[in-house]
Amino acid sequence: MVLEGLGKSLRSVLGRISDASNVNEDLVKEVSKDLQRALLQADVNVQLVLAITKRVEERALQERPPAGKSAKEHVIRIIYEELVAVLDRGDPLPMKAQRIMMVGLYGQGKTTTAGKLAWQFSKKGFKVGLIAADVHRPAAYDQLLQLGEKVGVDVHGEPGNEDAPAIVENGLRRFKDKNVIIIDTSGRHGLEEDLIQELKDVSAVARPDERLLVLDSQVGQQAGPQAAAFHDAVGVTGVVLTKMDGTAKGGGALSAVAQTKARIVHLGVGEQIRDLEPFDADRFISRLLGMGDVQSLMELAKDNVTDADVEETARNMMSGRFTLKDMYNQMEAVNKMGPLQKVMSMIPGFSNIEEKMDMEDSQQRLRRYKVIMDSMTDEELEDPRIVKASRARRIATGAGVSGSDVRELIKQYNQSKKMMKGMLGNRKMRKQLMKQMQGGDLGL
Ligand SMILES: Nc1nc2c(ncn2[C@@H]2O[C@H](COP(=O)(O)OP(=O)(O)OP(=O)(O)O)[C@@H](O)[C@H]2O)c(=O)[nH]1
Ligand SMILES: [Mg+2]
């Protein structure tokens, strides 16, 4: 999983909150320390870490939880909101006629991203031109030319000419009838003065609408100063975070974004042309925290459950195959739907079970289960029978819970599986469930 480093430690922060019996000043201080450690380990800039945790502490101690939310849910929500606030700075790259200039250090993914963007725009029917203004790496023009050929986009370059602004000027003249122009520039090992000057000159000629800083997601502490230097030179309007398919920590992104006040527009998720995703701060932070859907965790999505979600849950239940992963998905769906009774009552034979369940307690338990499952391997989720003592110990350590918590989860899974089997073995029940699904009326 991406951002594993930061995700894991933040998850144990959240685990600590959900395990605590109530929220008081001590807990908030402790959680804040944990959060600091997690962010610092992920190479988030120190000033930013202090700013975030200060806000979290203040809000956690001052704000009252909204009606219907527990104090713990509220603290989790605050952490989430403060992290999103750093990253959520506006709209993704608009699909409109424009000039885009790529900037960034050596090897960060500028040229590759230029090709990916060219493809996205031309796919939407724009007339795209690529300009190769990297005059320092001999193979740079050929690389862009190949990408251009691959996506069917014209490339302007002048191998041998070292005057980048002049190349851009010629390119703009040649591409007068294009409506999206993407300019690839040189990378360097450091932030030498001459590179900065060259970028300023290219930018003056190109007058780009967007100056996109391309940043390898593995860049840590250096991301802040790097971003600041490029920002001073050309005014960064957006950040593309590349190599998100790797094991990067991603903390650099937070720092870069805080420095430039620019938004992240895209994530590079692979070497292929199609491997570019629009950035979504909510999703990014959810992934960072290691939860499939933090919003559902915090019951924010309660009202957004569609019939399709419900139907899918029901269909999963019908399939007869029931792994821990399925249970996880179901719990998530159930959590999204809100009151557990509603979902349970939808399943014949479950209607009296709900009375035995303490609803408040079940939300809490759900959260703990999620943290535990996030520490399990795919293999273990597929077949929980392999989780014996030593694996249970490893999982417990990873999730920051006790061994008995892990055993409880497995026990719960075994029970659910048994219930599910019994239910599906009953032909009358199956038929009833089928009928409800086909009728589209799930009683919700
Ligand atoms: N896995 C992965 N690799 C990427 C991604 N983006 C770029 N790369 C790879 O990173 C390497 C460098 O990419 P380039 O696009 O050449 O980087 P650059 O910034 O143009 O490099 P210079 O022009 O030398 O400064 C290449 O091997 C790319 O295939 C990504 O999102 N995921
Ligand atoms: Mg390049």
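Val-46 is partly exposed, at 41% relative accessible area. Everything described here comes from a predicted model.

Moving to the strands, β7 (residues 263-268) is mostly covered, with six of its six residues buried. Strand β7 pairs with β6 (residues 238-242) in the parallel sense, through four bridges, and Ile-264 is the bridge partner of Val-239. Strand β8 (residues 276-278) also pairs with β7, but here the two run antiparallel and are joined by three bridges. In that pairing, Leu-267 faces Glu-277 of β8.

Asp-134 is a buried charge with no salt bridge: the nearest side chain of opposite charge belongs to Arg-137, 4.1 Å away.

Elsewhere, charged side chains do pair up, and the count comes to 16 salt bridges. One of them joins Glu-25 to Lys-29, with the closest N and O atoms 3.9 Å apart. Both residues belong to helix α2 (residues 25-41) and are four residues apart, about one turn of the helix. Glu-25 is partly exposed at 49% relative accessibility, and Lys-29 is partly exposed too, at 39%.

The salt bridge between Lys-178 and Asp-154 has an N to O distance of 2.9 Å. This pair links distant parts of the chain, 24 residues apart: Lys-178 is in the loop between α7 (164-174) and β4 (180-185), while Asp-154 is in strand β3 (residues 154-156). Lys-178 counts as buried, at 19% relative accessibility, whereas Asp-154 is partly exposed at 39%.

Arg-385 and Asp-383 form another salt bridge, with their closest N and O atoms 3.0 Å apart. Here the arginine is exposed, at 63% relative accessible area, and Asp-383 is partly exposed at 26%. Salt bridges also build a network that links Arg-55, Arg-59, Glu-63, Arg-77, Glu-81 and Glu-82.

Finally, Ala-389 in helix α18 (residues 389-399) counts as exposed, with 54% relative accessibility. Its C-alpha is 8.6 Å from that of Gly-403, 14 residues away in sequence.

Notes. Residues are numbered from 1 along each chain as its sequence is written. Chains are lettered from A and ligands numbered from 1 in the order in which they are written. This is a predicted model: local features need pLDDT of at least 70, side-chain atom pairs count only at pLDDT 80 or more; totals for chains, interfaces and linings use all residues. Side-chain values use heavy atoms; hydrogens and water are left out. Buried means under 20% relative accessible area, exposed over 50%, partly exposed in between (1.4 Å probe, protein chains only). Two strands pair if DSSP finds at least two bridges between them. Lys and Arg count as positive and Asp and Glu as negative; His and the chain ends are not counted. A salt bridge is a side-chain nitrogen of Lys or Arg within 4 Å of a carboxyl oxygen of Asp or Glu.
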